[in-house]
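Please read them with the structure open.

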Amino acid sequence: MNNKPLRPLYSVPYAAWIILFVIAPIALIVYYSFFDLAGNFTIDNYKNFFTSVYLKLTISSFWYAFLITLFSLLFAYPTAYFLTKTKHKQLWLLLIIIPSWINLLLKTYAFIGLFGLYGPINALLEVMGIGEQQILFTDFSFVFVSVYIFIPFMILPIFNALDKLNPALIDASRDLGANAWTTFRRVIWPLTINGVKSGIQVVFIPALSLFMITRLIAGNKVITLGTAIEQQFLVTQNWGMGSTIAVFLILFMFIIMLITNGKEKGASNNGKTK
Amino acid sequence: MAKLSKLPKIYLAVVFIILYAPIFYLIFYSFNSGGGMSNFESFTLEHYAAVFEDTRLLVILINTIVVALLSALISTAIGVLGAVAILFMRNKAMRNAVLSLNNILIVSPDVIIGASFLILFTLIGVKLGFASVLISHIAFSIPIVVIMVLPKLQEMSPSLIDAALDLGATKRDVLTRVIIPFIKPGILAGFFLALTYSLDDFAVTFFVTGNGFSTLSVEIYSMARAGITLTINALSGLIFLVTVVLVIGYYMISRKTKSPLAGVRK
């Protein structure tokens with residue numbers, strides 16, 4: 001293809017975009033992380049990050065992200081599995097996806113009503129004799145709403161992986177005397193692990209950086225890395241510290257991606273006809 | 001494959017109920033003449049009327065739609081050019097590097113995109129408001145367009161271009177008459193996703209919007225923080241309707257072109 005003279009022209013907007021909106025922002029975050037509130041060059045932000053306040057914050061953020069990812073996976077895997085067994089599975093999948101297209105804020109807002117003291121969940125608890133509970137502004141409500149928000153993104157890649165699975169492999173496993181659990185553990189799970197990994201990737205990273213749900217549902221009790229960044233940038237206006245937390249969040253993001261992408265090549269060869 | 005037995009069916013039913021319950025709960029109470037989301041008094045459309053009477057809200061609605069349409073259009077144009085540029089890159093290492101850079105914004109947490117864009121705009125002196133929001137939406141939509149268009153381009157046989165060139169087409173003709181028609185489904189899918197990305201975005205907009213400018217997500221956030229108002233419920237009823245129409249539209253496009261159902265959204 002000898003369209004060399006044309007190339008520079010049409011590449012310009014895209015190249016400009018990469019430089020301005022991909023490279024420059026990351027560079028700026030790193031740059032700002034070395035400045036304190038007064039604009040002096042310092043590494044205090046990094047020192048601060050390793051104080052107990054921020055370490056605790058990071059650990060709790062990871063813990064919540066872990067819980068959210070775990071529960072998403074626990075509920076999404078059977079859902080995806082059963083979905084592949086339905087007639088019209090693409091249609092059912094679409095129905096699972098539709099709620100994820102509804103504005104995130106609205107869904108979160110709905111839970112303020114659902115979980116509220118006079119909401120239907122509490123009314124149900126009352127009827128069951130358990131009595132009114134404070135559900136809103138608890139860890140439970142935070143994890144529940146987050147799982148609710150993220151579960152379609154976990155279902156989708158797992159569904160795709162399961163859908164590609166050759167049913168003959170399952171039949172073969174059963175014919176060879178494996179029971180359902182062994183078949184799942186030794187055949188289905190390893191062959192769909194890539195779907196699970198991309199599911200984990202698309203849930204864990206955003207879960208680390210949530211800030212809107214924490215504010216609306218967790219009532220400032222739960223603070224994630226995302227909440228902390230938002231706080232530093234928009235409330236205390238301490239861009240340096242905010243950038244430092246962001247630098248660590250970017251680092252964590254890369255590590256998670258390395259882990260979840262890492263063995264992809266090796267794993268995808270497993271059992272697939274090559 | 002084995003047919004579903006009873007238990008899995010119940011499980012799926014429960015999942016569907018949970019997924020839809022909050023949405024229908026919101027819509028149900030949008031017709032409530034009482035003030036809150038707990039006691040249903042009687043049917044009313046007053047909250048829907050309130051949405052249409054609230055000029056501030058309508059302005060925000062128009063803002064949101066204008067930003068979405070403009071950003072989808074512009075990001076589609078840049079994204080298509082970018083995908084073509086990536087396709088013609090002969091250096092494999094370079095191509096992989098560009099693709100990785102492309103994907104950074106897709107996987108980056110919204111908070112980081114928002115914060116870093118805020119720094120960028122402040123530094124280069126873009127006033128926070130319509131311009132900064134629009135530019136941000138264009139910026140985070142471009143990679144998704146590239147992702148949707150590139151596979152279509154790669155599907156295209158190079159001999160198609162060679163044939164066109166042999167038959168005397170200019171390079172411009174090749175682009176407008178051969179390449180673009182062939183990848184049209186990818187372009188449409190990219191445009192559509194960019195549109196929904198923009199409509200749905202909260203975190204990035206929240207960072208780069210100034211005092212005078214707001215989009216629906218940001219507005220709902222501040223309304224929700226203030227407490228329950230059934231105007232939001234009415235609004236959500238309307239948004240649900242529009243979303244379903246959009247999804248059906250997108251489903252038609254993606255069925256026609258067999259492109260996989262929507263990618264990952266944040």
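**Notes on the predicted two-chain model**

1. Confidence within chain A. Over the chain, the mean pLDDT is 86, and 92% of residues reach 70 or more.

2. Chain B has a mean pLDDT of 87, with 94% of its residues at 70 or more. Its residues 259-266 fall below 50, yet this stretch has 29 contacts beyond near neighbours in sequence. Where pLDDT is low, the predicted coordinates should not be read in detail.

3. The complex as a whole. The predictor assigns an ipTM of 0.85. The pTM is 0.86.

4. Architecture of chain A. There are 13 helices and zero strands in chain A. The C-alpha trace of chain A spans about 75 × 70 × 35 Å along its principal axes. Of the 274 residues in chain A, 53% are buried. Take the contacts in chain A between residues at least 6 apart in sequence: 68% of them join residues at least 24 apart.

5. The interface. The area buried between chain A and chain B is about 7800 Å². Carbon and sulfur atoms give 81% of that area.

6. Polar links across the interface. Between chain A and chain B the count is zero salt bridges. Polar contact is present, with 10 residue pairs counted between the two chains, both residues at pLDDT 80 or more.

7. Salt bridges. Over all chains the count is five salt bridges. One of them pairs A:Asp44 with A:Lys47, with the closest N and O atoms 3.8 Å apart. The cut-off for a salt bridge is 4 Å. Both residues lie in helix α2 (residues 44-49) of chain A, three residues apart, about one turn of the helix. A:Asp44 is partly exposed at 38% relative accessibility. A:Lys47 is exposed at 53%.

8. A link between α4 and α7 of chain A. A:Lys89 and A:Asp163 meet in a salt bridge at 2.8 Å, N to O. A:Lys89 lies in helix α4 and A:Asp163 in helix α7 of chain A, so the pair ties together parts 74 residues apart in sequence. Both partners are partly exposed: A:Lys89 has a relative accessible area of 28%, and A:Asp163 has 30%.

9. A link in chain B. B:Arg56 forms a salt bridge with B:Glu219, the closest N and O atoms being 2.7 Å apart. B:Arg56 is in helix α3 (residues 55-87) and B:Glu219 in helix α10 (residues 216-226) of chain B, so the pair ties together parts 163 residues apart in sequence. B:Glu219 counts as buried, at 9% relative accessibility.

10. A buried threonine. A:Thr69 is in helix α3 of chain A. Is A:Thr69 buried or exposed? A:Thr69 counts as buried, at 6% relative accessibility. Setting aside residues up to four places away in sequence, A:Thr69 touches A:Met154, A:Ile200, A:Val203 and A:Phe204.

11. Backbone points to check. A:His88 is not a glycine, yet has a positive phi of about 50°. A:His88 lies in the loop between α3 and α4 (89-101) of chain A and is exposed, with a relative accessible area of 60%. A:Phe137 also is not glycine, and its phi is positive, near 65°. A:Phe137 sits in the loop between α6 (120-127) and α7 (139-164) of chain A. A:Phe137 is partly exposed, at 34%.

12. The two ends of α8 in chain A. At the start of helix α8 (residues 167-175), a side-chain oxygen of A:Asn166 reaches to within 3.0 Å of the backbone nitrogen of A:Ala168. Just after α8(A), A:Gly177 takes a positive phi of about 100°.

Terms used: Residues are numbered from 1 along each chain as its sequence is written. Chains are lettered from A and ligands numbered from 1 in the order in which they are written. Side-chain values use heavy atoms; hydrogens and water are left out. pLDDT is the predictor's confidence in each residue, from 0 to 100. Buried area is the accessible area (1.4 Å probe) that two parts lose on being put together, summed over both. A salt bridge is a side-chain nitrogen of Lys or Arg within 4 Å of a carboxyl oxygen of Asp or Glu. A polar contact is a pair of N or O atoms within 3.5 Å; within protein, one must be able to donate a hydrogen and the other to accept it, and residues adjacent in sequence count only if both atoms are side-chain atoms. Helices (H or I, at least four residues) and strands (E, at least two) are DSSP runs, numbered from the N terminus. Buried means under 20% relative accessible area, exposed over 50%, partly exposed in between (1.4 Å probe, protein chains only). Contact means heavy atoms within 4.5 Å.
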